[in-house]
Each structure stands twice: as structure tokens, then as C-alpha cells.
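Here is a short report on one protein chain.

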Amino acid sequence: MADSAGIQQGSPAIGAAGLVPAAPGAGGTEGSGAAGGSARIAVKKAQLRSSPRPKKLEKLGVYSSCKAEGACKCNGWKSQNPPPTPPRTDQQSNTVNLQEPCRSCSHTLGDHVTHLENISEEEMNRLLGIVLDVEYLYTCVHKEEDADTKQCFLWIRFLSMLEEEVYSHSSPIWSQDYLAGVSGGQIPIHTGSTHPHKLTCRSSRFTPLQTHPSIGEKRKPSEPLPYEENKRPRVVGDIPMDLINEVMATIADPAAIPETSLLSAHSARDEAARLEERRGVIEFHVIGNSLNQKPNKRILMWLVGLQNVFSHQLPRMPKEYITRLVFDPKHKTLSLIKDGRVIGGICFRMFPSQGFTEIVFCAVTSNEQVKGYGTHLMNHLKEYHIKHEILNFLTYADEYAIGYFKKQGFSKDIKVPKAKYVGYIKDYEGATLMGCELNPSIPYTEFSVIIKKQKEIIKKLIERKQAQIRKVYPGLSCFKEGVRQIPIESIPGIRETGWKPVGKGKELKDPDQLYSTLKTILQHVKSHPNAWPFMEPVKKTEAPGYYQVIRFPMDLKTMSERLKSRYYTTRKLFMADMQRIFTNCREYNPPESEYYKCANLLEKFFYTKIKEAGLIEK
């Protein structure tokens, strides 16, 4: 059935394990994480706004310096009993004691928030929104390794807030009192803006204020500005917004990328099928038999067509068995319709209480194979199940179908616990059980289109970089003189392209020596005073939502087991797992938490030990 090879005759359509999910919180793909991070911030803001006023004061007190008498130098209230990591939802309480002392200065929470006692609820919610935005920005900056990108985060935040303040009709900078304060050397503090600040990068260019012709008058956006380009802040290495807009317009413009029936050799497997669906040549419908509703003639005809396709493509399956399952009200079928007739489908049964779906039959009629229908059919099925919050497929695949299911992201590594599916799924003699875990963040039917657009963006940026390098260097002649190899950095013009030398470390080739070195480092890390939050896996009973945020958890106990089984064949595997522990902690916990600080301190200690062992350069 699949694209290039197809599911040949005699292949019961069984099995599923979707694409390997991107790693949102565990250090995986950062881009997927952006949308998920924004959603989590929005949820946190809504929760804080609905909290009692003392709870809000507690949150703001963390960032409020102590106002107690005696010139206390404490710059923020710290709880005597920090919440567990991750916070347990069943233990969260709205009871806040303003008399609770600070862990640093021993003054009460009330002493830190005296300046907030009389502000309005609207203003308090605005301040809380800013706090959460800054925390999220801090997390993003901390996770970013590139220094230029870190600087970009800060400029984007600053310019976004400044631009919003400049164009806001309620902004205090248009007040005569504010301008008088500026001329007198004293600027009044404004805390009543009705516009919450968002961490977004605007497509419109920021333009500074025009200081003439009259003080206090807004400049119209259409008026030209003197010295605008000279005064516009620039970030070293920043990509001009004009270029980004140009690239996006090229990619989004259908005229720039014309549709054609002749696809390139590098086209995605499902591209032809997706174009046909867009033109209305093919359709996809989830159908099934019903004992409660009035029979629909068209649906019954499609079910008969599916029974014929499955019987013809799966000759080793008894026809009576196929008929019974296709017409069984508990089973559904995603049907592929072309010119009003059925040419393929996937028969499945959903088990919502067990958290998985069993794929029973999967086939495309022989004269319509190798057109990408199989891949597009499976992608539609994945999106259907994501909408119904079922994220696991199971199937038994025979020797002819294994190749197809592997292309669709299935594997023999079953993520569903055995107790969940034993007694539910049908067993087939001589077939292989395969599974697929779906990622709800992936739009499967458009996934290849997204990848194609990303490639186009990178291609345009590379072309821009190449255009900047005008100097043409002569070819290397040293090899004609007998030189066998030269350092990369000695190649003329290589650094101008943006290449940077990567720090190298000593890779231990002796497995026993590598094992001994890694074991010593791990023992040092486990005995560190800040390692206690990471000793064992996080329990689901203590943090019900933890594994929805952190998809790839890691802990020191798991690393010890992997080391014992000789899993770490290179230093990079070991370092990646250790880094995942720190990344997960910072992804889940707020920056002011004890666990966030433990992760930072332990990470610094870990890299010190790695350098001492000579695994990376000092």
C-alpha cells in the first residue's frame, strides 16, 4: 500500500508508531517548544489573575525589595518552605500568610509588599503578567547557547515594549506632566498602563519619536524621520526584518512556487496526494456501520467497496472475517474516495479507556499504489486521533507490511504498557506487533510542507550570506606541493563565511577506560549537595502533569543504569543525558525556585569535572 513499495497482496494492515516526537521540554526541538511555552504562560497568567489577592502579593513579593526599617538590603522575599519539584497540584494552597518571614532577611512578606497594598486589581494583574513574561524570557535566554541570539532576545523584548508604549494612546509620555518632569530632571513613575507587554517580535519597523515641531505631539507613522537609520538600534549578527519579510513573502506567494503535476525527485512521499486532495480529486471520510441510526446508502456502498478492496489486497485474510470487522459498529474505517469510488482505507478500533487504537486492515487498491496515498491516508488518521486525544497506535504487521509501517513512524518498541493492550488487541500468528506514538504538536498532513518552507528560508539566507562574500580566493595549491592535510582555519576566506572552530575534547577509544572515567564523574555528580532533586525519576503521582510538559525525562538513577549496561559508548551520549536533566529542570520550574538554582550549580560542577577528565577542552 505504501508509496514506493506499497503494501503488497497478503499484507494485513496492522500497526502504527508515528513520527518520533520532537523534544519540546527535554531539549528537543526548540521551535515546537515556542508554541507550547506561550500556551503555558497564558495558562499561568489566567491562574494567577483568578487567585486571591494575598497569593498575588506573594508572587510579586519575590521581586520586591524589603521595605522594613533599618535599610534592609534584601532584594526579594524568599519562602521558608519552597514548593517541591515539580509542584504537586494536590498540595497547592491559596492560603498565604503575610507575616511569614523571609528566608534571607527574616522580615515578613508584608514588609516586602507594602508599596503594593493600595494598587488596583487591574494594575496588580498587569504587574503579574510582566513578571511571568520576564520569567519566560529569562528561561529562553538561559537555554540559548549562542551569545548573539541571547542579545537578540533582550533587544526584541525592549523594542516591543517601547514601541507599544510609544503608540499607546494612554501612554504617560504624551502627558504634559511627564514632559515637564523630563525637562526638570525627574520622571514620574507610571504603573497604570492598560496594555500588557507580550514577548513578540513585531513585523513593523520601530521608529523613534520626532522631537519637532511641537512638544507632546505624536508623530504620524507616514511622516519621514531624519536620521532614522542612524538612530535605529542594531544587533550584531541580526537578520534584517526586510530580508525576513522578503523570504516569507516568496515562500507564501503561490506564484513564486508554482504548482505543477511534475514533482521533483526530492518531493515528499505524500506531496502528489496532498495536491490531488487540494484540487478535489480525492477525499477522506471516517465512516462506520451503525445499529442506532437510519442506514445511509452512500456509506453502506463505501463499506462494501472497502470490504472488496481489503479482500482483494489481503487474499490470505478470510473474506468473512474482513466483512465482520468492516461492518462491526465498534470498528471505523478511514476511507479514501476517488471519483466517487473507494480506492483504499484503514480499518481501526479505538480503545479510549486504554489510550490506544488498533489498526486492523490497511490497503490501497493495486492500480492506485505508488502515488503517496498510503502516507497521506496514515497522516489523516493521525490527525483524526489527535483530535480525539488518542496518541498511540498498535497493529500486527506481516512481513510485507513492516516496511510501510516503518516509513510511517512505527517501530517494534511499544510505548503502551503491556497490561493496557493484552486482551484487547487481536493477535495474528506470524505477524509482528508494532506501535506508534503521536505528537499532538505536529500537523501531520502539512508536516512535509512546513519542512519545505523551512528549507526555502535557509536557502535564501545562505544566498544572502554568499552575496556578502564578494572576494574570490584562488584555489589551494599546497596539495600539489605534497602537503597531505591543513587546518580548516587556514583556508583563505573560511572565517568570513561565519565558520567557527568547534571546541574538541579527547574521545576515549578504550571502552573500559571510558567506562571508568564516566563512572567516576557520575559518582562525583551524585555526591554533590545540589544533586538531590535529580537522584530518581519524577513520580506521576506527585506531579500528574509533569510528563505532558517533559516528554523526554532523565535522572541520575537512569544514567547509572545506562552506564552499568555499557550504553554510553561515547562521551557525547553521556553528556547529552546529563544536559537533559538540567534542561528539563529549567523547562519545568520557575527561575526563582530552589530546583532551578540546583540545576545551574550542578551543571557548572559537572562541566568542571568533565574538563578535569580531559573530555572537553578547558
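A salt bridge here is a side-chain nitrogen of Lys or Arg within 4 Å of a carboxyl oxygen of Asp or Glu. The model is predicted. A search of the whole structure turns up 17 such salt bridges.

Three of them are listed below.

| Pair | N to O distance |
|---|---|
| Glu368 and Lys338 | 3.3 Å |
| Glu368 and Lys371 | 2.8 Å |
| Arg566 and Asp512 | 3.4 Å |

Take Arg566 and Asp512, which meet through their side chains. Arg566 sits in the loop between helix H18 (556-564) and helix H19 (571-588), and Asp512 in helix H16, so this pair ties together parts 54 residues apart in sequence. Arg566 is partly exposed, at 43% relative accessible area.

Shared partners join Lys338, Arg341, Glu368 and Lys371 into one network of salt bridges. Lys371 counts as partly exposed, at 33%.

Now the surface. Leu476, Phe479 and Val483 make a nonpolar patch of about 230 Å². Val483 lies in the loop between helix H15 (447-468) and helix H16 (511-526). Val483 is partly exposed, with 32% relative accessible area.

Last, the whole chain. Its secondary structure comes to 20 helices and six strands. Of its 618 residues, 39% count as buried. The accessible surface is about 35,300 Å², and carbon and sulfur atoms hold 54% of that. Among contacts with a separation of 6 or more, 71% join residues 24 or more positions apart.

How values were computed
Residues are numbered from 1 along each chain as its sequence is written. This is a predicted model: local features need pLDDT of at least 70, side-chain atom pairs count only at pLDDT 80 or more; totals for chains, interfaces and linings use all residues. Side-chain values use heavy atoms; hydrogens and water are left out. Patches are made of residues with over 30% relative accessible area and no salt bridge: like charges are joined within 9 Å, nonpolar side chains (Val, Leu, Ile, Met, Phe, Trp, Tyr) within 5 Å. Accessible areas come from the Shrake-Rupley method with a 1.4 Å probe; for residues, only the protein chains shown count as cover. Helices (H or I, at least four residues) and strands (E, at least two) are DSSP runs, numbered from the N terminus. Buried means under 20% relative accessible area, exposed over 50%, partly exposed in between (1.4 Å probe, protein chains only). Contact means heavy atoms within 4.5 Å.
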